[in-house]
Amino acid sequence: MSVDFTSVQLVDVSRHFGRRRALSRVSLTASSGDILGLLGPNGAGKSTLITILATLATPSTGEVRYGDQPAARLGPALRIRIGLLAHELHLYPELSARQNLAFFAQLYGLDPRSTVGPALESAGLADRADEAVSGFSRGMRQRLALERALLHRPRLVLFDEPFTGLDDRASGLVADRLRALAAGGAIVVLATHDLDLADGLVTRVALVRNGKLVSDEPASSGLRARYRALIGAA
Amino acid sequence: MFFRTAWLVLRKDVAIEVKSLEVLTTTLFFAIACVLIFAFAFVKNGQAPEDAAAGILWIAIAFSGTLALGRTFERERYAETLRALLLAPAPRPALYVGKLLGMLALLASAELLLVPLIAFLFQAALFSRPLLLVGILAGGTIGFCAVGTLFAAMLVRARSRDVLLPILLYPITIPVIIGGVRGTAALLASPVDEPSAIMWIGILAAFDVVFVTLSLWTFEPLMTE
């Protein structure tokens, strides 16, 4: 079954871990071409939101709709339209860059001969493709992980702190990549603490605090001041 | 897609193990050490106690298997690769099957070493009915690994996973261990008690069907947070 959608919608989503409430009645919509910035302090619920959007967790109440369908109805085919880059890089350090990409390409039903080469070029790792990932710097791993997450050209691209460990130049390249993805019709959701990088990159801002959605508005200049007013010191 | 995914996961685990040899060497070293300690304790003047070999074989399999389960999933915890696997557009139970096959291959290689070692040190006639022995080993190992793989995957992100794994695993796999011990003991009887050995293989096969079915059924809900 082929699945595609042009929007993703959280409807009254709450999530509890035991007695702790990680998310409380969050409603949010992101559409094709959006770069939605999920901003908030540590423990605000950003990563939980990303995990739920990635179908790795289910809401305690409420639902997530991909297009007009809930996740449960779409089944495994939905996951071919989702790409996730989290703080942990989802790479096997013992395997080479090429082996990592080839494994994930095959897992997504792609032909590694046509997908791995361009991805290595894009990560700037073509000349180190056969070296074990364990020998790579954090920045190199991050670039490889980005390509791994995008190998299957997902519609919904979820980034949880994608700028961790990257220098200014690499961060700029990732930001350009996010813009290109959104321009190509992807729905990009970006959870980050880095207000400077988010400012000018995101097209919409969702501010989250204590599991609650404080604000959901189009991005405008002066993100830091807006954040400080709604959340507190950034 | 299901079997292809299971095959890819198995092949990936083998590729990592070929490069690192970490889990294989640890498991084999532990299994051999376990048998040698029992040999030093029980073999006196070149004479091994009767019926000890069956118990020692299954203790070595259970303990080294627990070690291997922990190490195999530790690999998926590092860099949270298990989450990346769960994101793949394949039925999630296929990931379980791939990991289960990897564990079976690992324990099979441990058994290839353990069986001749125990036969030699304890003068046990383990090879008198090789097909029955293979049936008992396969039945017991599949049952043990079926439950162990599910629990090890469940506990990947638990802080006290090393403590919890044996606490959860051993009580549930006791029927399998008992079946393995009794079936092996039937092979070591003089004369060989073939009907009992065949009966225990049947019981182990029944446990395997139940454990694998339950694991396939519960894997996805247990792995989804």
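**Reading helices, sheets and a contact between chains**

Author: Let's start in chain B, where helix α2(B) passes α3(B) in a right-handed crossing. Please keep in mind that this is a predicted model.

Reader: At what angle do α2(B) and α3(B) pack, and how far apart are their axes?

Author: In general, a pair of packed helices is described by two values, the angle between the axes and the distance between them. Here, α2 (residues 22-42) of chain B and α3 (residues 52-77) of chain B pack at about 155 degrees, and their axes are 9 Å apart. Because of that angle, α2(B) is roughly antiparallel to α3(B); the cut-off for this word is an angle over 145 degrees. On the side of α2(B), the contact includes B:Val23, B:Phe30, B:Cys34 and B:Phe38. On the side of α3(B), B:Ile56, B:Ile59, B:Phe63 and B:Leu67 are among the residues that take part. By class, this contact counts 14 nonpolar, 4 polar and 2 charged residues.

Reader: Is α2(B) roughly parallel or roughly antiparallel to α5(B)?

Author: Helix α2(B) packs against α5 (residues 92-121) of chain B at an angle of about 20 degrees, with 10 Å between the axes. Therefore α2(B) counts as roughly parallel to α5(B), since angles under 35 degrees are given that name. The crossing of α2(B) and α5(B) is right-handed. From α2(B), the contact draws on residues including B:Leu24, B:Leu28 and B:Ile32, while B:Leu106, B:Leu113 and B:Leu117 are among those from α5(B). The classes here are 14 nonpolar and 2 polar residues, with no charged ones.

Reader: Which residues make the contact between α4(A) and α5(A)?

Author: Helix α4 (residues 112-123) of chain A and helix α5 (residues 138-150) of chain A pack at about 140 degrees, their axes 9 Å apart. Helix α4(A) passes α5(A) in a right-handed crossing. Their contact is made by A:Ala119, A:Ser122 and A:Ala123 of α4(A), together with A:Arg143, A:Leu144 and A:Glu147 of α5(A). Sorted by class, these are 3 nonpolar, 1 polar and 2 charged residues.

Reader: How many helices and strands are there in chain A?

Author: Chain A holds 8 helices and 10 strands. Its radius of gyration is 18 Å, close to the 17 Å that the globule rule gives for 234 residues, so chain A is as compact as a globular protein of that length.

Reader: In what order do the 6 strands of the open sheet in chain A lie?

Author: Reading across the sheet, the order is β6-β7-β8-β3-β9-β10 of chain A, and the pairing is mixed. The edge strands, each pairing on one side only, are β6 (82-85) and β10 (212-218) of chain A. From one strand to the next, the twist averages 15 degrees.

Reader: Which strands does helix α6 of chain A touch?

Author: Helix α6 (residues 168-183) of chain A packs on the sheet and touches β3 (35-39), β7 and β8 (187-192) of chain A. Its direction makes about 150 degrees with that of β8(A). Another helix, α8 (residues 223-230) of chain A, lies across β3, β9 (204-209) and β10 of chain A, at about 30 degrees to β9(A).

Reader: Which way do strands β1 and β2 of chain A run, and how many bridges join them?

Author: Strands β1 (residues 7-17) and β2 (residues 20-31) of chain A run antiparallel, joined by 8 bridges. A:Phe17 has A:Arg20 in β2(A) as its bridge partner. This hairpin has 2 residues between its strands, and A:Gly18 takes a positive phi near 65 degrees. Strand β1(A) is also joined by 5 bridges to β4 (residues 61-66) of chain A, again antiparallel, with A:Leu10 partnered by A:Val64.

Reader: How many residues does each chain bring to the contact between chain A and chain B?

Author: The size of an interface is often given as accessible area lost when the parts come together. Here we can count residues: 25 come from chain A and 20 from chain B. In chain A, the elements giving two or more residues are β6 and α3 (97-107). Helix α3(A) gives the most, with 4 residues. The side of chain A that touches chain B has 17 nonpolar, 5 polar and 3 charged residues.

Notes. Residues numbered from 1 in each chain as written. Chains lettered and ligands numbered in written order. Predicted model: local features only at pLDDT ≥ 70, side-chain atom pairs only at ≥ 80, totals over all residues. Pairing = 2+ DSSP bridges. Axes fitted to C-alpha atoms, helices over the stretch in contact; angles between N-to-C directions. Parallel < 35°, antiparallel > 145°, perpendicular 65-115°, else oblique. Left-handed = near helix turned anticlockwise from the far one by under 90°. Contact = placed C-beta atoms within 7 Å. Nonpolar A, V, L, I, M, F, W, Y, C, P; charged D, E, K, R; others polar. Rg over C-alpha atoms; globule rule 2.2 N^0.38 Å.
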